[in-house]
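Here is my note on the charged side-chain contacts. Please read it with the structure open.

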2 protein chains.
Amino acid sequence: MKFCSECGAHLNLKIPPGEDRLRHVCERCGTIHYQNPKIIAGCLPEWEDRILLCRRAIEPRRGLWTLPAGFMELGETLEQAALRETLEEARARVKSLELYTVFSLPHVDQVHVFFRARMTEPRHAPGEESLETTLLPEKEIPWRELAFSTVKRTLEAYLADRKSGNFPVRVETLKPPAKHKKSAVS
Amino acid sequence: MKFCSECGAHLNLKIPPGEDRLRHVCERCGTIHYQNPKIIAGCLPEWEDRILLCRRAIEPRRGLWTLPAGFMELGETLEQAALRETLEEARARVKSLELYTVFSLPHVDQVHVFFRARMTEPRHAPGEESLETTLLPEKEIPWRELAFSTVKRTLEAYLADRKSGNFPVRVETLKPPAKHKKSAVS
């Protein structure tokens with residue numbers, strides 16, 4: 001961030017009066033440009049004993065498997081974002097969304113939120129950002145080819161909780177993976 | 001948003017290839033400037049049967065009462081943001097944070113997240129953004145002078161759930177209040 005998005009002048013990094021951390025401040029119009037974490041919302045879509053996964057057609061982690069999820073947009077609720085991503089990435093419709101996992105990923109300035117959701121029918125197909133989609137039973141989940149740590153944790157929790165039928169909301173902080181890139185979704 | 005924060009050139013509103021909605025795109029360097037909802041994190045701090053409230057010293061809603069909460073910063077977890085805001089606004093220390101309420105406010109592009117938390121001692125004092133702080137029992141809560149709908153809903157839920165001692169995570173969407181201003185925290 002180098003220029004003011006309001007007036008086009010140069011930005012300075014400084015601590016504004018009454019604040020305690022560096023901000024990008026416009027040297028001409030004085031606008032303070034705050035930056036904040038972003039939300040990724042997604043679903044764990046279930047059909048009978050199977051889970052819907054998507055193989056990513058885009059970076060990061062092209063070719064690896066994920067639950068349908070993506071950046072929450074302006075004007076959306078968390079549920080709307082999760083539904084939209086499920087429709088966009090897997091051409092699947094879901095209902096009965098229940099908040100399930102909430103992850104803080106401070107190293108990439110993201111919060112990931114997954115809902116358990118029931119597919120309204122077992123139809124799915126790859127959207128523009130997916131190479132393929134599939135409905136898999138537990139024993140066929142490609143654990144070594146999952147794209148993101150939050151997807152892995154959500155699937156692990158779900159399969160453990162499914163034994164009891166009790167799905168408490170899980171709130172976790174995830175550390176960066178061994179090979180960490182700031183620009184990547186972790 | 002009028003100028004590119006990367007190169008200072010003018011921005012155009014257009015739908016980038018492969019996307020489905022208008023974005024601010026730089027006419028010179030091509031950078032797409034995404035905008036996303038922001039997260040407000042806070043605590044419902046409890047001490048015995050009392051709840052810690054802060055009277056706001058700043059707009060919006062100056063003079064009204066709130067739970068300590070504020071914008072999540074880069075590099076933080078949800079819990080760290082909630083703890084920091086509690087320390088900043090009420091000079092209070094809390095522990096044992098448990099996720100309690102999650103609100104989507106699509107009309108202001110925010111998600112509000114509150115944790116139940118226990119105060120480590122009954123000490124509190126107004127921080128820079130508060131006029132006063134107070135520990136109140138249920139019957140003294142100023143229902144008509146609460147600053148935000150999400151604070152009201154969190155307090156209502158808490159007092160109802162306290163009767164059973166069971167505090168399920170609540171996920172809700174809140175509509176704009178009657179007198180809605182896009183710039184305000186709702």
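1. First, the term needed for accessibility. Buried means under 20% relative accessible area, exposed means over 50%, and partly exposed is what lies in between. Lys152(A), with a relative accessible area of 36%, is therefore partly exposed. Keep in mind that this is a predicted model.

2. The overall count comes next. Over all chains, the structure holds 28 salt bridges. The points below take up some of them.

3. Lys152(A) pairs with Glu156(A). Their side chains form a salt bridge, at 3.0 Å from N to O. Both residues sit in helix α2 of chain A, which covers residues 149-164. They are four residues apart, about one turn of the helix. Glu156(A) has 27% relative accessibility, so this residue also counts as partly exposed.

4. Asp161(A) and Arg170(A) make another salt bridge, with an N to O distance of 2.6 Å. Is Asp161(A) buried or exposed? Asp161(A) has a relative accessible area of 7% and is therefore buried, since the limit is under 20%. Arg170(A) is partly exposed, at 23%.

5. In chain B, Asp20(B) forms a salt bridge with Arg21(B). The closest N and O atoms are 3.3 Å apart. Asp20(B) has a relative accessible area of 51%, over the 50% limit, so Asp20(B) is exposed. Arg21(B) is partly exposed, with a value of 23%.

6. Finally, a network. Which residues does it link by salt bridges? Glu19(A), Asp20(A), Arg21(A) and Arg23(A) are linked in it with Glu73(B).

Technical notes. Residues numbered from 1 in each chain as written. Chains lettered and ligands numbered in written order. Predicted model: local features only at pLDDT ≥ 70, side-chain atom pairs only at ≥ 80, totals over all residues. Heavy atoms only, no water. Salt bridge = Lys/Arg side-chain N within 4 Å of Asp/Glu carboxyl O. Helix = DSSP H or I, 4+ residues; strand = E, 2+ residues; numbered from the N terminus. Buried < 20%, exposed > 50% of the residue type's maximum accessible area, 1.4 Å probe, protein only.
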